[in-house]
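User: I would like to go through this model and ask what stands behind the terms used for it.

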Amino acid sequence: MPNDSIGHPGSGDGEYVVVARRYRPTTFDELIGQEHVATALSSAIATNRVGHAYLFTGARGVGKTSAARILAKALNCPTGPTATPCNTCEICQSVAAGEDVDVLEIDGASNRGIDEIRQLRQNAGVRPSRSRFKIYIIDEVHMLTKEAFNALLKTLEEPPEHVKFIFATTEPNKIPITILSRCQRFDFAGISISAIQQRLEQIATAEGVAADTDALALLARRAGGSMRDSQSLLEQLLSCGGQRMTVDAVCELLGTAPTARLQAIVVALVDADAAQALTQLDDAVQKGTEPAQLVDQLIHWYRDLMTVAVGCPAERLLSIPTTQFGQAQTLAEQLGIDTVLAALQILEQTAARMRQSLHPHTLAEMALVQIAQLENLENLQALLASLRSGESTPPATPSPRQAPKKNNVVTPDRSVASSSTPAPNPSASTPNASSTKASTSADGLPESIQFQGPLDEESVAKIWKHVIDNLGEMVADQAALSDRITVSGPNRLAVRFREKYTSCRQFCERVDQKARLEQALSIATGEPVTVTFETLADRVDREHAPTSRAGSLRQLQAEVVQRPFVRRALELFEVENPKVEAPVKPS
Ligand SMILES: [Zn+2]
C-alpha cells in the first residue's frame, strides 16, 4: 500500500500503520454491519459444523477479508477452534498480519492462471506445519481463468481433511456454478452510514482528534457503505493536521459543496428563484466545487426529497442531514412528488450530458433554470382533471409554487402559440404529436418530422410549432422558450430570446444543437434552412411583467398552455382544447 508512509506516526510502535489497517476488526463482535455473517460463523464453529469452502461476497471495503482472517484465527488459535480466538498468541497475530505459514492469502487477480492453481493443489496436499488447518484465502476469486477454476474444482470435490478455503469476491456472478455449489455463501451487506459514522467517531477519539459530528457524517455518507473507504478518507484528513475536523475541511478534501450551499440552492429552486440559484452555483464554483460535482450532490438531495415525499422516515436520508428532516418534509410537501421526480430527471440527464460537454457550467445553469420553472405537477394534474370533467373550478388550494412568480413568466410568441392562426393548408396540419414524439433516435434523422410545405411568412408559425413539438430533443425544449420567430430571408429563420433566456439561446447556438434544429426544419420545409438566434431587449418584459397578470388574462392563458410541462401534461391527458382559469390569488 503506497499510503503506508503518509501522515503522523500512529500507534507508537515505531512504524506507522494506516488507520484502515490499525482499526481493522479483530473479532466477530467487531465486524460492523455484518452481524448475520458473524452469528452464523460463530455458531458453525461452536457446533463443529465448519464447512470446507466459504464464499464471501459483497462490495469493496465491507469486511470480507477481515472476516476471513477472523475465521482463520478462530479455526487455528491454539485455544480453539473457538468463535473467540485469543488474538494474542503467535498464530493469531501472524494471521492478523497476513503472514501465517498455514493461512495463505492469495490475490486472485494476479494469480489467476492454471499454473498457480496447480501449485496450490500440490501444496494443499501437504499437512499444515503448526496449526490444525491449512487455510487458503483467495481474494477476488472471480478473476481466475476457466482452466484455473477447473483445477480448483478438483480440490473442492475431494478436499483433504486439513484444508479450508475462503473465497472473497465483489462479483459472485462471474464464478462458475460448479464452484458456487460447493461453497457456503455469505453475502456481506453495505454498511449503514450511521454505523460507519459511529466507527469514525471511535477512531477519531482514539486518535485524540476532535471532530464535528457533521464532518464525520459527511465522510460516512461519501464512503457509500464502504468502511475501508471511509477510513481512508479519515486518514487523509488526519494527515492534513489541524486541530479540529470540520465540515469545511471535509468539503475541501472532497471538493464538495457544503450542506448550507445545497440547502440555499434547493430553497431557491423551490421558490422558483432561478437568479438566486444561479448566484449560488457561481459562488460554489468559485469556492472550488466543480459544476458536475454540484449537480451530483443535487441529485442526492432530490433523491432524499423523493424518499421524504413518499413518506420514508429520517433514516432513509443519505445526503440531507437527519437533523433537517423537518425542513425536508416542508420542501417535499411544497414541491409534490411529481415535481421532485421531474427535477431528478432533469438533473440526471444533465449529469449524463455534462460528461461529454465542453460547457458543463452552462448545462448546470440550464438545469437550475429548468427546475426553477417546474410547476407543481400534482396540482397541474388536478387542474387538468377538472378541465376534462368540464368543471370550471380550479383546484381549491394552490400550492405555494402556484403563487404568482416574479420575472420567470414565459411569454409565448402569439404568432406561434395561438391556435387562432389558421394553418394555410388544413389537410397538411400537424400530425398527432403524442404518437410520433420520442421516436427520434439519438443520431438518426428526426423521423417524426414531416414535410409541412415551403417556408414563408404564413407557414412559419405552423412549421416552427411542428418542429418544436416533434423533434423530441432538448434543443426543442430550449427553443420553445424563444419569444419571436420570423422569416429573415429565403429559408432563413430568426429566433429571438428574451435576455433572461440567454442560457437557452446559448444552448441552441451550440454547433451540434443548431445543426439538429436546422436539420429538422429542413425536413419540414424541404429546403436547407439556416437559423440565427438573437436576444431581444429585456425592456418590454420589465415594463409589462408586473401588470401582465392582472392586466392580461388572455396573455397568461396563452402562456400557460405553451409551457413545456403543461404541454406534456396536455399530451398525457389527451386534452385538445384546455380551458385555463385565472390563478387563485393566495390569501
Ligand atoms: Zn490465538
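**Terms and values**

User: Where is E140 found?

Analyst: E140 is found in the loop between β3 (134-139) and α6 (146-157). Helices (H or I, at least four residues) and strands (E, at least two) are DSSP runs, numbered from the N terminus. Residues are numbered from 1 along each chain as its sequence is written. The model is predicted: local features need pLDDT of at least 70, side-chain atom pairs count only at pLDDT 80 or more, and totals for chains, interfaces and linings use all residues.

User: Why is E140 called buried?

Analyst: A residue is buried if 20 or more other C-beta atoms lie within 10 Å of its own, exposed if 12 or fewer, and partly exposed in between, with C-beta atoms placed from the backbone. E140 has 21 other C-beta atoms within 10 Å, so E140 is buried. Its phi is near 50°, a positive value in a residue other than glycine.

User: Why is N48 called exposed?

Analyst: N48 has 7 C-beta neighbours inside 10 Å, so N48 counts as exposed. N48 lies in the loop between α2 (35-46) and β1 (53-57). Its phi is positive, about 60°, although N48 is not a glycine.

User: Why does A249 count as partly exposed?

Analyst: A249 has 17 C-beta neighbours inside 10 Å, and therefore counts as partly exposed. A249 is found in helix α11 (residues 247-254). The C-alpha atoms of A249 and A215 are separated by 8.0 Å, although these residues are 34 residues apart along the chain.

User: Which residues of α8 are buried, and what covers them?

Analyst: I193, I196, Q197, R199, L200, I203 and A204 are the buried residues of α8. They cover an arc of only 165° around the axis, so they are on the same side of α8. The arc is that of the directions from the helix axis to the C-beta atoms. On the other side of α8, S194, Q202, T205 and A206 are exposed. The cover of the buried residues includes α1 (19-22), β6 (210-211), α9 (213-222), α10 (227-239) and β7 (244-245).

User: Why are α21 and α24 called oblique to each other?

Analyst: Helix α21 (residues 460-471) and helix α24 (residues 511-525) pack at an angle of about 125°, with their axes 10 Å apart. Axes are lines fitted to C-alpha atoms, for helices over the stretch in contact, and angles run from 0 to 180 degrees between N-to-C directions. Angles under 35 degrees count as roughly parallel, over 145 as roughly antiparallel, 65 to 115 as roughly perpendicular and the rest as oblique. α21 and α24 are therefore oblique to each other.

User: Which residues make the contact between α21 and α24?

Analyst: I463, H466, V467 and L471 of α21 and A520, L521, A524 and T525 of α24 make the contact. Two residues are in contact if their C-beta atoms, placed from the backbone, lie within 7 Å.
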